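Reader: I am new to this structure and would like to go through it by question and answer. Please show it before we start.

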Amino acid sequence: MKAVVTGGAGFIGSHLCDHLVARGHRVTVLDDLSTGSAANLSRVEGSPGFRFVRGDVLDRELVDALVAEADTVFHLAAAVGVYNIVDNPLRSLRINLHGTENVVEAAVAHRVPYMIASTSEVYGKNDADGLKEGDDRIYGSATRSRWSYAAAKGLDELIAYVHGTESGVPCVIARFFNVVGPRQTGRYGMVVPRFVDQAMAGEPITVYGTGTQRRCFGSVFDVVPGLLRLMETPEAYNQAVNLGGHEEISIKGLADRVVELTGSASPITYIDYEEAYGEGYEDMQRRYPDTSLAGRLVGYRPERDLNDIIR
Ligand code: NAD
């Protein structure tokens, strides 16, 4: 099989390339190296049929030419990370919206099965206490640019879904929930690599907010095989499927765990969300994936626990 992986030099994309190449597939990566790195591809570079193309998913002709030669497309290229999105709101929006449109339209035109990477953020904040004016995600300062990520990913899902149902070309929508593992960078705000980097450097571990917010981290070594099985499962086509972990922890608990496992002497400090990300920033209190659909479709059962992930 010939696969195109957009964002293949990134964290999840490069692990996906490792799996595809190990299975004997011919892989073309399209990546602009904005947040990814060529070093992430060192395992697959030089493998038969492997090709790296440095380019932009906004380049419609390039995307079309690469997809035309492929048997399947995995679209992971995106502007990611809170810092990146807040600092570059317009470019992030363009990549996350039109980049996906380019990939999906090329896949449908050439009848190539495709997968798009979506996010838990499409579920929103899930506030239980009602909706107040001024509390929306569209117009409020820092939250506005941050929300562009979730809003674009939500529209990406619709673009993928509507094209998939109208054309009959197989399409999988994967909603990732806090995927972590080797090669993920903490530079753009991702909490696990950031805490580990701080602990290893003996610097203070900086918890944003109160640290009572709860998250559930999924190992890339569980998520990527799950993703590949979904692409091989016709019952998964045209469905949005959650992929993530199962062990929930508070961010303060995560900081304690990182200190314990790294044997670091780093103190744990707290800073406001607004100081970390800018005025008006808020975050959801709890994010825990229901992965029962992936369980039913492909027997998805995350095996790595948080200690494995941190190690
Ligand atoms: P990543 O930053 O490591 O990977 C994204 C890759 O896309 C990078 O290699 C980057 O250089 C590339 N890229 C960005 N803009 C591009 C452009 N215009 N043209 C070509 N390449 C471009 O991040 P990741 O964590 O591996 O995320 C992969 C996908 O999964 C993204 O679509 C992201 O939105 C989604 N996702 C990830 C998580 C997570 O927990 N890691 C959670 C939800 C969704």
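**Questions on a predicted model**

Author: A starting point in this predicted model is R111, found in the loop between α4 (89-109) and β5.

Reader: What is the phi of R111?

Author: Most residues other than glycine have a negative phi. R111 has a positive value although it is a residue other than glycine. Its phi is near 55 degrees.

Reader: Is R111 buried or exposed?

Author: The cut-off for exposed is over 50% relative accessible area. R111 has a relative accessibility of 53%, so R111 counts as exposed.

Reader: Where is R183, which has a positive phi although it is not a glycine?

Author: The phi of R183 is about 85 degrees. R183 is partly exposed, with a relative accessible area of 27%. R183 is found in the loop between β7 (179-180) and α6 (191-200).

Reader: Which residues are linked with R183 in a network of salt bridges?

Author: Side chains of opposite charge can pair when their charged atoms come close. In the network that includes R183, the other members are D18 and R43.

Reader: How many salt bridges does a search of the whole structure find?

Author: A salt bridge here needs a side-chain nitrogen of Lys or Arg within 4 Å of a carboxyl oxygen of Asp or Glu. With that rule, the search of the whole structure gives a count of 15.

Reader: How many residues apart in sequence are the parts that R91 and D56 tie together?

Author: R91 and D56 form a salt bridge, with their closest N and O atoms 3.1 Å apart. R91 lies in helix α4 and D56 in the loop between β3 (51-54) and α2 (60-68), so the parts tied together are separated in sequence by 35 residues.

Reader: Which strand holds E248, the residue whose side chain meets that of R286 in a salt bridge?

Author: The N to O distance in this salt bridge is 2.6 Å. R286 is in the loop between α9 and α10, and the two residues are 38 residues apart. E248 is in strand β12.

Reader: Which element gives the most residues to the largest nonpolar core?

Author: This core has 37 residues, and those with the most contacts inside it are L16, F74, M115, F176 and L243. The elements that give two or more residues to the core include β1 (2-6), α1 (11-22), β5 (114-119) and α10 (292-298). The greatest contribution, 7 residues, comes from α7.

Reader: What is the area of the nonpolar surface patch made by L155, L158, Y161 and V162?

Author: One of its residues, L155, is found in helix α5 (residues 141-167). L155 counts as partly exposed at 42% relative accessibility. The patch formed by L155, L158, Y161 and V162 has an area of about 350 Å².

Reader: Which residues gather in a patch of negative charge on the surface?

Author: One member, E274, lies in helix α9 (residues 273-277). E274 is partly exposed, with a relative accessible area of 43%. The residues of the patch are D272, E274, E275 and E279.

Technical notes:
Residues are numbered from 1 along each chain as its sequence is written. This is a predicted model: local features need pLDDT of at least 70, side-chain atom pairs count only at pLDDT 80 or more; totals for chains, interfaces and linings use all residues. Side-chain values use heavy atoms; hydrogens and water are left out. Patches are made of residues with over 30% relative accessible area and no salt bridge: like charges are joined within 9 Å, nonpolar side chains (Val, Leu, Ile, Met, Phe, Trp, Tyr) within 5 Å. Accessible areas come from the Shrake-Rupley method with a 1.4 Å probe; for residues, only the protein chains shown count as cover. Lys and Arg count as positive and Asp and Glu as negative; His and the chain ends are not counted. The place of a charge is taken as NZ of Lys, CZ of Arg, CG of Asp or CD of Glu. Helices (H or I, at least four residues) and strands (E, at least two) are DSSP runs, numbered from the N terminus. Buried means under 20% relative accessible area, exposed over 50%, partly exposed in between (1.4 Å probe, protein chains only). A nonpolar core is a set of buried Ala, Val, Leu, Ile, Met, Phe, Trp, Tyr and Cys residues joined through side-chain atoms within 4.5 Å.
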